[in-house]
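Please read the numbered points beside the sequence and the coordinates.

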Amino acid sequence: MATQPFTYSNLSLSDARNDLTTVIEKFKKHKFVEFNNSNPTDEERFSLMFDIGLLLGWKLDYDEPGVPQFTYEETHKFSCGLAKQENRNNQNDVVVAWHLEHPHTRFPQVGALWHMEHKSCAKEAGSTGFIDANVLFNLLSPDDQEFLEHCQIVKTSFFSITENNSIDLQKSVQFDGEDQFITVLGPDGKLVIPAYVKKPVVDHYLTGEKTLKISPKGQYTENEYVGHERLIWFDNRTPTKDEIRHYNRIAEFVYRNVSSNEEIKYFHYWDQGDAILVDVFSLIHCVRGGFNDGERLMKGIWAFPNTSHLSRDPSQQDAFKLFQVRI
Ligand SMILES: [Fe+2]
């Protein structure tokens with residue numbers, strides 16, 4: 001199945017709220033629902049997300065350091081400026097790289113509502129791209145799919161994990177069978193940054209579908225990995241060099257498909273007044289250019305997994321039990 005949203009045209013979010021069962025059914029099946037020309041008010045956006053959150057176990061605020069507030073406005077001023085400097089800010093150029101949402105945090109966002117409140121650039125400019133991580137997973141060979149089930153990868157936020165500092169990392173971590181918070185020594189052997197050990201494939205919390213959690217950022221080669229993720233455990237032990245190469249080949253395959261396989265992508269070409277309900281647990285996404293600062297204002301609401309009943313250092317597995325809520 002391709003990456004394809006369900007689309008409503010001219011339906012207000014208030015009317016959508018009156019038929020939440022259908023909206024959530026479409027959301028679970030398609031992973032994203034377009035509300036074209038819905039022109040929501042702030043109140044309508046909050047109310048829709050709040051009500052969906054009650055049914056799906058979402059939480060609309062969060063207190064993890066480094067995670068943005070649950071409401072935000074985005075103009076992509078910085079990314080567009082940088083792209084312009086590098087002469088790659090056209091409507092087919094990716095200016096905000098393909099990414100999973102905050103994969104380096106403990107409990108990344110699982111849902112979002114994005115509303116284009118203002119748009120004055122061309123319809124074709126500033127489109128948002130989507131790739132379903134389950135579609136990506138299904139491109140892998142059965143052998144590679146099986147291989148990934150044995151893997152745990154480490155994700156950091158800010159700098160690349162190289163061969164050198166990964167050695168320090170492996171010495172300093174004790175595997176305890178759960179996703180875990182760790183610290184990584186930097187390239188100078190002194191800088192310490194937070195990171196998490198996570199699985200590269202997880203079951204979707206609503207549908208059980210295999211969801212690939214390999215970040216499409218980074219560069220992978222046979223012998224070296226430069227990026228924010230790295231294989232750290234295989235079958236709960238230090239991986240062999242062959243296993244590291246195998247993982248890197250899979251990550252490279254993912255990276256190449258995200259970069260170049262147009263068949264698995266869907267682009268939303270925004271009109272002012274559009275809103276999209278997005279399963280950011282599943283959908284890798286990007287923003288393309290062709291617009292200037294001030295020509296595009298997106299208002300967003302994030303939804304997080306509801307971990308409020310848990311201790312400060314819960315296992316991710318426990319957190320996702322809450323998602324077993326069904327309507
Ligand atoms: Fe994003």
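1. Strand β7 (residues 128–132) pairs with strand β18 (residues 283–288) in the antiparallel sense, over 5 bridges. Strands here are DSSP runs of E with at least two residues, helices are runs of H or I with at least four, and both are numbered from the N terminus; two strands pair if DSSP finds at least two bridges between them. Within this pairing, D132 has L283 of β18 as its bridge partner.

2. The model is predicted: local features need pLDDT of at least 70 and side-chain atom pairs count only at pLDDT 80 or more, while totals for chains, interfaces and linings use all residues. Residues are numbered from 1 along each chain as its sequence is written.

3. Both strands belong to an open sheet of 4 strands, in the order β5-β18-β7-β16 and with antiparallel pairing. β5 (94–99) and β16 (266–268) stand at the edges with a single partner strand each, so one side of each has no neighbour in the sheet. On average, neighbouring strands of this sheet are turned by 20° against each other, direction ignored.

4. The largest nonpolar core has 61 residues, and V33, A112, L113 and V278 have the most contacts inside it. Such a core is a set of buried Ala, Val, Leu, Ile, Met, Phe, Trp, Tyr and Cys residues joined through C-beta atoms within 7 Å. A residue is buried if 20 or more other C-beta atoms lie within 10 Å of its own, exposed if 12 or fewer, and partly exposed in between, with C-beta atoms placed from the backbone. Helix α8 (residues 241–260) gives the largest share of this core, 6 residues.

5. Leaving out residues up to four places away in sequence, V278 touches F32, G111, A112, W114 and L283; contact requires C-beta atoms, placed from the backbone, within 7 Å. A second, separate core of 6 residues includes C80, A83, A125 and F291.

6. Q109 and F304 lie 195 residues apart in sequence, yet 4.6 Å apart in space, C-alpha to C-alpha.

7. In helix α2 (residues 20–30), V23, F27 and H30 are buried. On the other side of α2, T21 and K29 are exposed. Among the elements covering the buried residues of α2 are β1 (6–9) and β2 (32–36). K31, which follows α2, has a positive phi near 80°.

Conventions:
Axes are lines fitted to C-alpha atoms, for helices over the stretch in contact, and angles run from 0 to 180 degrees between N-to-C directions. Two residues are in contact if their C-beta atoms, placed from the backbone, lie within 7 Å.
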